[in-house]
Amino acid sequence: MPIPPAYALVATDLDGTLLRRDDTVSPRTRAALGLAAAAGARHLVVTGRPVPGVRELLAGLGYQGLAVCGQGTQLYDAGADHIVHAVTLDRESADAALGKIEAQVGQVFAAVDQAGADGRTLIEPGYLMPHPALPAQRVRHREELWATPVVKVLLRHPDLTDDALAVAAHAAVGDLATVTHSGPGTVELQPYGIDKGAGIAAAAEHLGLAPSTAIAFGDMPNDLPMFRSCGYGVAMANAHPLLRAAADEVTLSHEEDGVAVVLERVFG
């Protein structure tokens, strides 16, 4: 399928997509984003990380635009260091969803991302952070996870694979929450109906654009709603099979400048 010559939005996931393993963006990819900007396209970061977990990273990259954070729960203006819009996960819904999941698969270990620009990631006993570079604070009891409003809950199971846990969680929670699988060891619950697709819709409206004018890049199943909202979806070579199957195109991996390869063709 040939792709149109240009897009108004370039929507990129971070981990496993725009970022290399060391959380950097290659010079080639920076240059390709520059080509897109010179053609009039806006770069939109779309990530599962909450604002506190991405603020310093975006600043280090010199990113000044909007960012969809926390799986669509937060719309963040990086240049102004301001959360433009946010939604939280109802405590009762989150607790009930965990109960329903554990009734199906046995004990899970949970963590939460607190709301706000300075919210912390809290982890209960037994939960292991999948990304060691992200800071977290351990609590003694699950009830402490709900001390303040949260944007999402992160789940891990001692035996089930991520795919199996995501399927079981989705079947169990119904309309209590949205279930996403966003990376190795990362199955999450967000407010029902909130995902990266909803986040892109909110960001595009804020920018006066249509989501269909976006070319999107991703690597995990949580990027599926983003692909459905955008005009063209590009999966990385290292992407989850579900995303590769849904993509309009599969490019090289995040370590091989896969984003740049496509942007150079589209905007170069």
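Me: How do the residues of the lining of the second largest pocket divide into nonpolar, polar and charged?

Reply: Ala, Val, Leu, Ile, Met, Phe, Trp, Tyr, Cys and Pro count as nonpolar, Asp, Glu, Lys and Arg as charged, and the others, Gly among them, as polar. Here the lining has 10 nonpolar, seven polar and three charged residues. The model is predicted: local features need pLDDT of at least 70, side-chain atom pairs count only at pLDDT 80 or more, and totals for chains, interfaces and linings use all residues. Residues are numbered from 1 along each chain as its sequence is written, and side-chain values use heavy atoms, without hydrogens and water.

Me: How much space lies in the second largest pocket?

Reply: A pocket is an open set of points on a 1 Å grid where a 1.4 Å probe fits, with protein on both sides within 12 Å along at least five of seven lines; lining residues have an atom within 4 Å of a point. The volume, the space filled by probe spheres set on the points, is about 450 Å³. Of its 20 lining residues, H170, V179, T180, H181 and P221 are the closest to the centre. Among the helices (DSSP H or I, at least four residues), α5 gives the most to this lining, with five residues.

Me: Which residues touch the most other members of the largest nonpolar core?

Reply: Such a core joins buried (under 20% relative accessible area, 1.4 Å probe, protein chains only) Ala, Val, Leu, Ile, Met, Phe, Trp, Tyr and Cys residues through side-chain atoms within 4.5 Å. Of 32 residues, they are V10, L58, I215, F217, L263 and F267. α9 (258-267) gives the most to this core, with six residues.

Key
Helix = DSSP H or I, 4+ residues; strand = E, 2+ residues; numbered from the N terminus. Buried < 20%, exposed > 50% of the residue type's maximum accessible area, 1.4 Å probe, protein only.
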